[in-house]
Amino acid sequence: MSKKLNMVLITTMLLLLVISCAKKGSITGGPKDETPPVFIKAMPPDFSTNFDNDEIRIYFDEYIKLNDPQKQIIVSPPMDPKPTITPLGGASKYIKIEFLDTLLENTTYSINFGESVVDNNESNPNPFYRYVFSTGDFLDSLSIRGTIADAIQKEVDANITIALYEIDEDYSDSLVYKTVPRYVTNTLDTTTFNFYNLKEGKFKLIALKDASNNYKYEPKLDKIGFYEEVVTLPDDTAKVFNLTLFKEVLDFKALKPKQVSKNEFVFPYEGNADSMKIKLLSKAPNDLKTQIFPDKEKDTLHYWFKPFFEADSLIFEVTNSKNYRDTLITRFKDQYKDSLEVSSTFNSSLPLNKNFTFSASTPLDNINKNKITLTDKDTIAVPFSIALDRLRNEAQIDFEKGESNGYSLTFLPEAITDFVGNVNDTISFNLRTKKLADYGTVFLTLENVEAYPVLVQIITEKEDVISEQVATKQETLTFDYLDPAKYLIRVIFDTNQNGKWDTGNFLKGIQPEDVRYFPEPIDVRANWEIKQTFILE
C-alpha cells in the first residue's frame with residue numbers, strides 16, 4: 001500500500017471520529033405519534049339501508065386495538081346474545097362484528113364505539129365513532145339529549161346506562177326488571193347523554209347504574225333514575241332531559257337468622273328495619289329475657305336471650321308495621337359464651353362539644369357510677385353523669401370540658417355489667433381536648449329557599465357528615481368546633497319533614513328529596529371564622 005493511500009485512510013478515519021464525537025446522544029425515533037387511527041371504509045357501507053348481512057368489517061389506516069370494549073361499545077337496540085366484536089387482545093387493521101342474534105325488521109341500529117378504537121402503538125383514540133344501519137328502507141333520524149346527576153352524592157358515577165322503553169300495548173313499568181329496552185346509550189365518563197337515530201313514538205326514559213351490565217334493573221345492585229312523563233318523539237326532541245340517580249330502599253324482608261354465640265342470634269334483613277319485631281315461638285323458659293339492638297355497620301339486628309336452654313332448633317316470627325309476617329327456623333346448640341369488650345371512637349382526642357361515648361360487643365345492662373373515676377390533668381376529680389341507651393347499646397359520659405386539658409377515665413372492675421352477667425376488668429381511657437383556637441367556625445346564610453324545613457350539613461370531601469342543623473326559617477346558622485379541613489355544604493329539602501333524606505321509588509313514581517351542594521369546598525382554618533352565603537338555585 002502506497003504512502004499516499006495510507007495518508008488518505010488515516011485522514012478519513014480521523015474525520016469519522018470527529019463526526020462521531022460531535023453527534024453523541026441517544027436516538028429518539030422522531031416525534032411521538034399523536035394521530036388517531038383514521039376510518040377508511042366499512043363493508044357494508046355506514047348508513048346502509050335494507051341491511052341483511054351477518055357480519056360487518058370497518059377498516060382503518062393503521063393497526064388498531066379495542067380498549068375496554070365491554071364498557072365503551074354500545075349496541076342499540078341491544079342484542080341477546082351480544083354480537084362478537086374483534087380484535088380482542090390483539091391488533092388488526094379492521095374491526096369485525098358478527099351478529100349472533102336475529103336483527104329486528106325495519107329497525108335502525110347504532111353501534112357506538114365510544115373511545116375504544118385506539119392505534120396499536122400509542123393508544124391514540126378515534127373518539128366516538130358510530131356505525132349506523134337500517135334493516136328497513138330508511139334510517140330513523142330523531143335524537144334527544146340530557147344530563148345525569150346523583151340524588152345524594154356530589155359526583156356522579158361513571159358509565160351510566162340510559163334506556164328508552166317503547167310504550168305500546170304491552171308496556172308496563174315492571175318491564176325494566178325483566179326486559180331489555182328498545183334503545184340504550186351510555187354516559188361513559190361524562191354527565192351527559194345523547195340518543196341518535198330514534199324513531200317516532202312514545203317512550204319511558206330510564207337511567208341505570210347497571211352493575212351486571214345486562215340492561216335490566218336489579219334493585220339490590222343498581223341505582224335508577226327516571227323521567228316522570230312520557231317522552232314523545234318527534235315533539236320532545238328540543239328538550240334537555242335531566243335525570244337523577246338514586247338507590248331504592250328495598251321492600252322489607254327478614255333473612256334467615258344465625259346463632260353466633262351461646263346467647264346471641266343475628267337477624268339479617270333487607271329494607272328498613274325501624275319497626276322490625278322478633279318473637280320466639282318455640283317453647284322457652286318462663287323467665288326468658290331478650291335484648292335487641294341494631295348493628296352499627298350491617299343491616300342486621302343482634303338478638304340476645306337468657307337463660308340458655310336446650311333445643312335442636314328455634315322458630316321465630318318476624319313482623320313489622322306494614323303487615324309483614326314471616327316464620328323463620330334456625331338450628332340451635334350450645335356454644336362458647338361471649339366476653340365483654342368495651343370500645344370507643346374517642347381513643348385519645350375528645351372534641352370540646354362532644355360527650356365521651358362507648359359501646360360494647362355484648363348488650364350493656366348496668367353501669368355503676370361509683371366504680372368510675374374521672375380526673376383532669378391535675379388529678380382533680382371531675383363531676384360527670386352517665387346516660388345508658390339500651391336501644392343503641394351505647395352509653396355517654398357527660399362532663400364539663402376545658403381547653404387544652406387532659407382527662408383520665410377509669411372503669412374499675414365490675415363497673416359495667418352486660419346482659420348475660422359478664423363484668424369488666426379495669427379499663428382506662430386517656431383523653432385530651434384542644435384549644436378553642438384550634439377550631440374554625442362557619443356562619444352560613446341560605447337565600448332563595450323554596451320551602452322549609454331544610455337539613456343543612458357540613459360534610460367531608462368523602463361525604464361523611466360532620467355537623468347537621470335543621471333550618472325552619474330564614475336565619476344564620478353557626479357551625480363551630482370544626483377541625484381545620486376542606487368541607488362541602490349540602491342542603492336537603494326535607495319535603496316530608498321527617499328529619500332525614502328520603503330516596504325515591506320507581507314503581508310508585510316517587511323522586512328522591514332534592515339536594516343542593518354549595519359549588520366549591522370551603523376551607524376551614526384554625527382560629528378562623530367564615531361568613532358564607534349559599535344562594536339556592
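Predicted model: local features only at pLDDT ≥ 70, side-chain atom pairs only at ≥ 80, totals over all residues.
**Cavity**

Residues are numbered from 1 along each chain as its sequence is written, and side-chain values use heavy atoms, with hydrogens and water left out.

The largest cavity holds about 40 Å³ of space, a volume being the space filled by probe spheres set on the grid points, which are joined across faces, edges and corners. I listed its lining (residues with an atom within 4 Å of a point) as L444, L446, Y452, A471, K473, Q474, E475 and L477. By class I noted five nonpolar, one polar and two charged residues, where Ala, Val, Leu, Ile, Met, Phe, Trp, Tyr, Cys and Pro count as nonpolar, Asp, Glu, Lys and Arg as charged, and the others, Gly among them, as polar.

I then turned to the largest pocket, with about 910 Å³ of space; a pocket is an open set with protein on both sides within 12 Å along at least five of seven lines. Among the 20 residues that line the largest pocket, I found V249, N272, K500, D502 and T503 to be the closest to its centre. The lining of the largest pocket divides into six nonpolar, seven polar and seven charged residues.

**L66**

I located L66 in strand β2 (residues 55–66); strands are DSSP runs of E with at least two residues, numbered from the N terminus. I recorded L66 as buried because its relative accessibility is 12%, the cut-off being under 20% relative accessible area with a 1.4 Å probe and protein chains only. Leaving out residues up to four places away in sequence, I saw that L66 touches I73, I85, T86, P87, I95, S116 and V117, with contact meaning heavy atoms within 4.5 Å. The C-alpha atoms of L66 and G89 are 7.8 Å from each other, although 23 residues separate the two along the chain.

**Sheet β3-β6-β8**

I traced an open, antiparallel sheet of three strands in the order β3-β6-β8, where two strands pair if DSSP finds at least two bridges between them. The edge strands, each pairing on one side only, are β3 (74–76) and β8 (130–134). Between β3 and the antiparallel strand β6 (residues 108–112) I noted three bridges, and V75 has I111 as its bridge partner in β6.

Definitions and conventions
1 Å grid on protein atoms, 1.4 Å probe; cavity = no way out; pocket = protein on both sides within 12 Å on 5 of 7 lines; lining within 4 Å. Helix = DSSP H or I, 4+ residues; strand = E, 2+ residues; numbered from the N terminus. Buried < 20%, exposed > 50% of the residue type's maximum accessible area, 1.4 Å probe, protein only.
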